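Please look over the sequence and the model shown here before reading on. The briefing that follows takes up the protein surface along each DNA strand in turn.

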Protein chains: 2
Amino acid sequence: MLAAQRKDLILATLRTEGRVVAKELAAELELSEDTIRRDLRELAADGRLHRVHGGALPASPAVADFTVRTGIRQDAKVAVGRLAAGLVRPGQTVAVDGGTTAQQLVRHLAADLRATVVTHSPTIAVELATHPSVEVIIVGGRLFKHSVVAAGAAAHEAIGRISADLFFLGVTGIHPTAGLTTGDADEAAIKRAWTQRAGETYVLGSGEKIGAASAFEVVPLDAVTAVLTDADAPERGVAELRTAGVEVIRAG
Amino acid sequence: MLAAQRKDLILATLRTEGRVVAKELAAELELSEDTIRRDLRELAADGRLHRVHGGALPASPAVADFTVRTGIRQDAKVAVGRLAAGLVRPGQTVAVDGGTTAQQLVRHLAADLRATVVTHSPTIAVELATHPSVEVIIVGGRLFKHSVVAAGAAAHEAIGRISADLFFLGVTGIHPTAGLTTGDADEAAIKRAWTQRAGETYVLGSGEKIGAASAFEVVPLDAVTAVLTDADAPERGVAELRTAGVEVIRAG
DNA sequence: CTTGTCTTTGCACGTTTCTGCACGTTACTG
DNA sequence: CAGTAACGTGCAGAAACGTGCAAAGACAAG
């Protein structure tokens with residue numbers, strides 16, 4: 001067992017058990033209590049746990065939350081995700097596409113939000129497994145490995161049986177004339193199916209996607225309710241989209 | 001062995017084992033520790049792994065986090081997972097249950113294995129997204145958050161349309177008279193459905209589950225092909241199962 | 001085939017990190 | 001308030017580390 005790994009293990013045990021005891025850890029890991037105590041001391045110094053006589057307790061949740069957030073640098077995606085999360089009303093059924101921005105979306109859903117999320121992305125489903133009140137429906141199908149989402153006939157069929165209030169669509173290109181595009185035909189078909197099954201469709205479009213175009217059109221621009229983007233999105237591209245009649249909402 | 005090939009091998013080992021130790025790699029590859037250390041330094045410089053004293057850990061926190069979550073009794077789960085992975089023949093369709101042992105199973109599937117894995121666990125699906133040749137089918141449904149698997153009517157229906165060669169079943173209890181049990185009725189029903197749809201069923205049972213029993217029976221012991229367990233499984237429990245007519249295979 | 005260059009690898013050596021023990025101190029328990 | 005368990009510190013041996021260097025092999029040019 002590597003020393004570095006040991007600290008992770010202590011923290012993991014702390015999360016699952018709610019406490020750790022120095023003596024028990026020493027026995028379990030077959031190390032002296034001195035070494036365990038040293039680890040606990042160092043983890044406490046980093047604010048990763050709360051040291052107490054005999055062992056340790058979890059650090060305050062605020063600390064954990066802070067370390068997680070600062071660890072992520074995708075500012076634009078976080079901003080767009082947060083903006084999108086704010087559009088969801090209690091009781092709604094929301095279809096969520098795959099992708100890192102969508103991941104940020106579900107991560108920012110309010111902890112007390114009661115809603116239903118339908119997704120063909122196993123990653124999104126796993127993320128929401130820890131959400132206390134959101135109901136999650138997974139759309140199955142053949143796994144399209146490149147973007148890690150379910151696709152194929154089974155997925156189409158499942159989507160056809162769902163009606164969603166909102167759909168959050170991820171694309172690789174948002175272009176005034178080429179419309180909304182992505183790099184794979186199967187994926188485009190799935191995204192199109194979702195768009196048809198949802199009352200409103202919002203595009204998750206962090207700035208670098210605006211003005212870009214990929215090979216396969218998902219839907220034309222007028223098929224969506226609005227494009228959500230971040231504060232750093234290029235002015236010119238946004239203006240072009242608005243001229244084309246698309247509503248563009250910028251994150252804070 | 002080419003140097004570049006060696007680095008790939010190190011990264012592959014890191015993915016499957018969750019860590020690598022410089023000394024072990026040196027012995028395995030019959031090279032000096034210096035050379036291994038050089039490789040690790042370079043891979044760390046490229047951000048492909050996280051260098052720590054004694055070896056290296058995965059660069060992505062997500063991977064590391066999961067490895068750690070499997071807990072202190074990880075060795076047994078890895079051993080059982082590896083044993084189970086070895087039972088899969090090319091061309092077979094394999095149903096895989098949720099759980100950390102199953103996660104180890106798919107992680108140890110040979111990189112060149114051509115097979116189809118069907119699963120109602122989004123976590124397993126995500127894990128297999130990086131496997132080069134395995135085809136993955138996701139079973140959808142309502143997400144049962146506690147164990148992070150799809151369940152409910154939709155899942156049942158989807159499973160009913162599948163015929164698998166093998167099913168790897170995870171349970172919380174393996175008891176000579178109570179049979180195979182788990183802690184949730186819905187989950188038990190899904191597992192039962194899989195058992196009925198598979199030619200052979202193998203139980204993933206790391207030692208501590210033997211002799212234990214939970215509230216809901218999945219299937220009786222005679223419904224499964226064999227129980228896979230680790231070398232540290234209690235002798236007495238294993239003997240009792242064998243007396244009850246169950247084949248028990250221990251991991252080396 | 002020979003020569004020169006570049007890469008790879010292992011070794012030597014000084015440095016850093018990890019770990020367990022000894023010892024004195026501090027915190028719990030009855 | 002006494003006894004015990006847990007604690008922190010200093011220290012030493014062991015293991016791991018990085019660096020510089022030289023030998024061996026690969027490879028292209030001549």
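**The surface near DNA strand D**

At least two residues of the surface near DNA strand D come from each of H3 and strand S2 (49–52) of chain A, and from each of helix H2 (22–29), H3 and strand S2 (49–52) of chain B; helices (H or I, at least four residues) and strands (E, at least two) are DSSP runs numbered from the N terminus, and a residue is near a strand if one of its heavy atoms lies within 4 Å of it. This is a predicted model, in which local features need pLDDT of at least 70 and side-chain atom pairs count only at pLDDT 80 or more, while totals for chains, interfaces and linings use all residues. Residues are numbered from 1 along each chain as its sequence is written, chains are lettered from A in the order in which they are written, and side-chain values use heavy atoms, without hydrogens and water.

**DNA strand D**

- Phosphate oxygens of DNA strand D lie 3.0 Å from a side-chain N or O atom of A:Arg51 and 3.1 Å from one of B:Arg37.

**DNA strand C**

- A polar side-chain atom of A:Arg6 is 2.8 Å from a phosphate oxygen of DNA strand C, whereas one of A:Asp34 lies 3.3 Å from a base nitrogen.

Technical notes:
A polar contact is a pair of N or O atoms within 3.5 Å; within protein, one must be able to donate a hydrogen and the other to accept it, and residues adjacent in sequence count only if both atoms are side-chain atoms.
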